[in-house]
Amino acid sequence: MAPQDQHQPDQSPPEPARTAHAPPVIRVHGLVTRFGAQVVHDGLDLDVRKGEVLGVVGGSGTGKSVLLKEILGLMHPAEGRIELLGRDTAGLPEAERVALQARTGVLFQNGALFSSMTVAENVMVPLKEHTDLPLALAAEIARVKIGMAGLPPNAGAKFPSELSGGMIKRAGLARALALDPEILFLDEPTAGLDPIGAAAFDQLIHNLQRSLGLTVFMVTHDLDSLTSICDRIAVLVDKKVRVGTLDELLQDTHPWIHEYFHGPRGRAARHAEA
Amino acid sequence: MARDGARLEPTRDGDGGWTLAAIGRWDLRATGGMARELEAYALDGAGNAAVRLDLSRLDALDTVGAYLLSALAQRLTAAGHPVTVAAVRPEHAALFDAVRAVCPPQPEPPAPQHPILDMLERTGRTAIHAVHEGLALLSFLGLITVTFGRLVLNPRRLRIRAVLFHIEQTGLNALPILGLLSFLIGVVLAFQGADQLRRFGAELFVVNLLGVSILREIGILMTSIIVAGRSGSAFTAQIGTMKVNQEVDAISTLGLDVIELLVVPRALALMISLPLLAFYADIMGLFGGAVMSYATLDITFGQFIRQLHGAVTLPHFLVGLVKAPVFALVIAMVGCYEGLKVSGSAESVGTLTTKSVVESIFLVIVLDAVFSILFSFLRV
């Protein structure tokens with residue numbers, strides 16, 4: 001049985017006070033990103049607090065995915081400093097970089113499952129690579145993670161090509177959670193899911209975040225995810241970022257932010273939540 | 001039992017039950033070695049006493065630790081102990097509950113294995129698949145023929161620009177690599193032939209060897225194989241990518257004919273360029289042979305041409321060249337067919353491109369053998 005069925009959906013709105021004084025686990029300071037003459041980020045500062053769910057939004061081309069890649073070390077910024085779990089990610093020795101990567105998990109937009117492996121083998125890749133667990137135990141742990149991600153037990157033996165879009169996301173989530181990471185990065189987790197599947201996935205992330213004590217960094221366009229599971233929201237505007245709770249951002253007078261949250265879709269999502 | 005800071009401490013309670021305290025860090029890095037010990041864990045002399053699993057003294061708990069503890073609780077229950085989990089710390093409770101909810105997922109029973117039967121089944125499936133594939137290719141050939149027939153009746157629909165573009169891509173751009181390789185083949189053939197024929201004092205017959213083998217077989221085969229690798233694969237990749245981007249679907253919904261638009265221009269272009277390339281490869285091969293003959297056997301170009309004139313007749317040359325359009329059609333057909341078979345994923349583009357090259361080279365060589373048999377019947 002899927003865990004989200006076990007836990008009664010927690011209907012209480014996220015309480016920002018819960019994490020208001022938690023220390024930051026991701027610190028981005030003075031970030032500058034350029035592509036040729038085009039400046040994407042110009043002196044961007046962002047702190048992500050331990051144990052919070054941060055939703056990152058912004059118009060197309062404002063560099064949401066680029067920011068995610070820079071924090072993950074897949075791209076290098078032109079200037080600025082990125083600290084992940086207290087370590088400056090630039091110029092980190094190979095061994096420490098790998099150790100840091102084992103403490104973060106990433107769910108890519110299309111799952112990025114290894115297509116030549118079954119779901120269970122996919123989940124076992126980080127377990128085999130970073131731990132010396134006996135193979136049988138690693139397989140058991142993979143089964144537990146697959147179950148926690150809300151997949152039926154027989155999904156483990158399937159190949160990614162045999163799964164639906166929602167199941168691929170859940171399998172990707174199981175792999176991201178394989179090593180019990182402290183920070184979970186999600187790139188558009190609900191994109192391409194139907195509204196029911198998207199709501200179930202939001203609830204799953206919410207439950208896992210509570211039970212595993214995760215910090216979640218979520219790039220999203222889904223207004224329902226923002227209103228239902230995010231503690232704070234970071235909006236990329238004018239090459240910088242504005243962070244606040246939903247209520248704070250509703251008061252923001254910046255035209256893009258105002259349009260985003262007070263446009264017809266924003267109103268609808270808030271109305272549904274209320 | 002103690003290992004890396006994670007351990008279990010059993011104590012007998014006053015009421016006859018037992019308390020099993022989990023102590024220390026039960027996490028990924030600390031518990032790896034404990035799995036096997038826990039598997040065999042038993043409370044000696046406890047009978048069917050009730051067990052309290054005390055989790056209050058844990059320093060750390062993650063999914064692995066929670067899994068090991070819940071599996072332990074289940075094993076003890078199965079061994080006849082009524083198990084209660086007690087004193088879970090609030091920060092561990094949610095995780096422990098979440099893991100218990102999915103633990104242990106029933107291991108799927110392994111499918112029974114019959115290696116010989118499996119192999120037979122695989123062989124049978126492969127054979128049937130090959131037959132289906134052959135039939136599908138044949139019907140694709142029919143589709144191309146019908147479309148081509150329609151275009152002959154209505155030639156204004158033929159996309160001349162596309163044909164010319166593909167002639168440039170498959171023909172003109174292949175000249176450097178094809179010329180170099182044919183030249184080298186001629187050099188190698190002349191060298192090896194000269195080595196053998198010198199023993200009989202028949203060095204001059206190297207020219208006959210070169211002339212007949214290059215014009216009849218090697219020129220056209222080399223050309224077809226290179227073109228299959230260069231252009232057949234390109235056809236599959238181009239059409240496959242269009243398929244992934246749903247461009248092929250767009251073509252259909254716009255009321256255009258996919259075969260007419262994508263396949264016929266490629267097939268026609270290749271049927272024009274491959275004979276020309278084969279002729280060019282013949283000349284370059286003979287040239288390479290002549291250079292080598294001059295270098296090792298002192299046969300001058302004049303002697304070479306005279307001897308060649310006596311050795312080969314027009315049929316030799318035509319036998320080679322008449323195969324070219326047929327091979328071209330096969331290469332283009334397989335390339336386009338595999339491209340259109342691409343479905344959805346970018347991964348299948350790669351797989352099918354490989355398959356298209358292997359399949360078209362295979363068919364070219366098989367057809368070459370068929371042609372040989374045919375020509376021997378016709379005494380050409």
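Visitor: Which residues lie nearest the centre of the largest pocket?

Guide: In this predicted model, the largest pocket is lined by 35 residues, and Leu72(A), Leu74(A), Gln101(A), Thr104(A) and Val106(A) lie nearest its centre. The elements that each give two or more residues to this lining are H2 (64-72), S4 (79-84), H3 (94-101), S6 (104-107), H4 (119-130) and H6 (165-176) of chain A.

Visitor: What makes a residue count as part of a lining?

Guide: A lining residue has an atom within 4 Å of a point of the pocket. For the largest pocket, 35 residues line the space, which amounts to about 870 Å³.

Visitor: How do the residues of this lining divide by class?

Guide: The lining of the largest pocket has 20 nonpolar, nine polar and six charged residues.

Visitor: Which strands stand at the edges of the six-stranded sheet, and why are they called edges?

Guide: The sheet is open, with mixed pairing and the order S6-S7-S8-S3-S9-S10 in chain A. S6(A) and S10(A) (240-244) each have a single partner strand, so one side of each is left without a neighbour in the sheet.

Visitor: How do you know that S3(A) and S8(A) pair?

Guide: Two strands pair if at least two bridges are found between them. Four bridges join S3(A) (residues 53-58) to S8(A) (residues 215-219), so by this criterion they pair. The two strands run parallel, and Leu54(A) has Phe217(A) in S8(A) as its bridge partner.

Note on methods. Residues numbered from 1 in each chain as written. Chains lettered and ligands numbered in written order. Predicted model: local features only at pLDDT ≥ 70, side-chain atom pairs only at ≥ 80, totals over all residues. Heavy atoms only, no water. 1 Å grid on protein atoms, 1.4 Å probe; cavity = no way out; pocket = protein on both sides within 12 Å on 5 of 7 lines; lining within 4 Å. Points joined across faces, edges and corners; volume = space filled by probe spheres on them. Nonpolar A, V, L, I, M, F, W, Y, C, P; charged D, E, K, R; others polar.
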